[in-house]
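Please read the numbered points alongside the sequence and the model.

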Amino acid sequence: IYGFIAVIAPTYALKAMMVQTKKSARPVTLLAAVVLMLGASHLGSPVFCGIGRSSWTQGLLTAPALRMHAAKKEAKEALDFSMNINDAIDKAYEGKSMTELSEAPISALQGLGDSADAVAKDLKIDTIAKLGTWKHYLRARAICQLAKFEAPGKREGGSIMNINSGIDKDFEASSFTELLQLPTSALQGISGKQAELLKKLNIKTIKQLGSWKHANNANAIATCAKLESSNLAKSA
């Protein structure tokens with residue numbers, strides 16, 4: 001690329017001199033054109049097209065140097081960030097992005113061992129994102145949340161409020177408070193086998209599933225992963 005510029009730049013500089021001469025250009029303009037021509041024709045000099053050739057300018061001309069410059073810039077920007085969730089994840093996963101964590105096995109959550117991964121695999125919730133967005137967990141969490149606002153014996157006459165599509169037929173008339181104490185199999189779609197698998201994670205009731213801290217953390221990570229940028233460039 002230097003050779004190309006060395007040939008082209010002097011040509012354009014000379015052309016500029018000729019045009020400016022015809023127009024009776026000022027000596028300063030002609031002098032600038034001469035400097036441009038000489039600088040471009042001698043790439044070893046500190047003048048290159050009127051610009052000092054610093055090492056940074058040279059670096060832009062090679063892919064490795066460009067990548068190194070970008071990496072240094074991103075690392076510098078990273079120093080301004082302090083976000084982390086180290087108290088919720090295993091030490092081996094500290095420093096990972098939200099996206100990476102969402103794709104990690106559930107044992108990446110602090111407090112869950114490798115044995116939890118085998119159970120999660122059988123339940124088809126083998127990643128943090130899958131656990132955090134598992135429909136049965138989300139339904140149990142919703143029941144836990146709404147039970148806080150239920151007024152015992154205060155249901156209005158004629159009300160058709162229900163969640164029949166989410167719970168087993170035998171428990172459709174139950175209140176939110178009553179549902180909390182039922183086994184996880186009371187949730188429509190959870191089989192007896194799945195309920196037994198959940199017991200291996202110390203989850204026996206709907207309340208335990210809906211308030212399970214690991215599932216809550218997994219849900220938060222899955223949600224934040226969708227908000228994560230692929231680089232640390234600050235918003236304008």
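1. Ser107 is buried, because its relative accessible area is 10% and buried means under 20%, exposed over 50% and partly exposed in between (1.4 Å probe, protein chains only). The residue sits in the loop between α5 (98-102) and α6 (114-122). Beyond its neighbours within four places in sequence, Ser107 is in contact with Asp90, Leu112, Gly113, Asp114 and Asp117, where contact means heavy atoms within 4.5 Å.

2. The model is predicted: local features need pLDDT of at least 70 and side-chain atom pairs count only at pLDDT 80 or more, whereas totals for chains, interfaces and linings use all residues. Residues are numbered from 1 along each chain as its sequence is written, and side-chain values use heavy atoms, with hydrogens and water left out.

3. The protein chain contains 12 helices and two strands; helices (H or I, at least four residues) and strands (E, at least two) are DSSP runs, numbered from the N terminus. Along the sequence the pattern is α-α-β-β-α-α-α-α-α-α-α-α-α-α. Of the contacts in the protein chain with a separation of 6 or more, 52% join residues 24 or more positions apart.

4. Of the chain's 236 residues, 28% count as buried. The protein chain exposes about 15,700 Å², with carbon and sulfur atoms supplying 59% of that area; accessible areas come from the Shrake-Rupley method with a 1.4 Å probe, and for residues only the protein chains shown count as cover.

5. Thr223 belongs to helix α12 (residues 213-225). Is this residue buried or partly exposed? Thr223 counts as partly exposed because its relative accessibility is 41%. A polar atom of the Thr223 side chain lies 2.9 Å from the backbone oxygen of Asn219. Although Thr223 and Ser102 are 121 residues apart along the chain, their C-alpha atoms are separated by 9.1 Å.

6. How many disulfides does a search of the whole structure find? The search finds zero, a disulfide being a pair of cysteine sulfur atoms within 2.5 Å. Cys144 is buried, because its relative accessible area is 13%, while Cys224, at 34%, is partly exposed.

7. The lining of the second largest pocket consists of 22 residues, and Glu150, Arg155, Met161, Ser175 and Phe176 lie nearest its centre. Helix α9 (residues 176-180) gives the largest share of this lining, three residues.

Notes:
A polar contact is a pair of N or O atoms within 3.5 Å; within protein, one must be able to donate a hydrogen and the other to accept it, and residues adjacent in sequence count only if both atoms are side-chain atoms. On a 1 Å grid over the protein atoms alone, a cavity is a set of points where a 1.4 Å probe fits but cannot get out, and a pocket is an open set with protein on both sides within 12 Å along at least five of seven lines; lining residues have an atom within 4 Å of a point.
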